[in-house]
Amino acid sequence: QVQLVESGGGLVQPGGSLRLSCAASGSIFSVNTMAWYRQAPGKQREFVAIITSGGRPNYTDSVKGRFTISRDNAKNTVYLQMNSLKPEDTAVYYCNAVVVLIRFGTPTNYWGQGTQVTVSS
């Protein structure tokens with residue numbers, strides 16, 4: 001069983017910063033990509049950022065230059081540093097990880113429970 005536990009959400013003023021964390025735990029052989037998605041009220045879940053096991057990041061255009069994704073492979077943890085936050089960044093942020101449970105096992109997708117980020121004055 002694998003669990004993804006997110007933390008770091010909250011209320012912040014426009015222009016402020018937050019750092020999200022997501023730790024994967026359980027019987028894990030390896031973690032492939034780790035990513036962040038978000039879902040605003042009344043909207044579909046959307047991709048925010050992804051990072052490979054080798055540390056290569058990719059971002060959706062709306063957060064480029066403001067958000068930074070990083071990971072600590074020893075801790076199976078992914079981070080999302082969010083700067084210059086805007087009201088339109090308000091959403092529930094979900095962590096995603098592709099996990100291999102045993103050697104030569106099938107990579108499996110896991111999701112966290114979500115953490116609320118609210119950007120408002």
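Trainee: How many helices and strands does the chain have?

Mentor: Helices (H or I, at least four residues) and strands (E, at least two) are DSSP runs, numbered from the N terminus. The chain has zero helices and eleven strands. This is a predicted model, in which local features need pLDDT of at least 70, side-chain atom pairs count only at pLDDT 80 or more, and totals for chains, interfaces and linings use all residues. Residues are numbered from 1 along each chain as its sequence is written, and side-chain values use heavy atoms, with hydrogens and water left out.

Trainee: Which strands does β4 pair with, and in what direction?

Mentor: Two strands pair if DSSP finds at least two bridges between them. Strand β4 (residues 30–39) is joined to β9 (residues 91–100) by eight bridges, and the two run antiparallel. Five bridges link β4 to β5 (residues 46–51), also antiparallel.

Trainee: What are the partners of Ala35 in those strands?

Mentor: In β9, the bridge partner of Ala35 is Asn96; in β5, Ala35 stands opposite Ile50.

Trainee: Which residue takes a positive phi in the hairpin of β4 and β5?

Mentor: Gly42 does, with phi near 75°. That hairpin has six residues between the strands.

Trainee: What does the radius of gyration say about the chain?

Mentor: The radius is taken over C-alpha atoms, and the globule rule is 2.2 Å times the number of residues to the power 0.38. For 121 residues, a compact globule would have a radius near 14 Å; the chain has 14 Å, so the two agree.

Trainee: What share of the residues is buried?

Mentor: Buried means under 20% relative accessible area, exposed over 50%, and partly exposed in between (1.4 Å probe, protein chains only). Buried residues make up 40% of the 121 residues.
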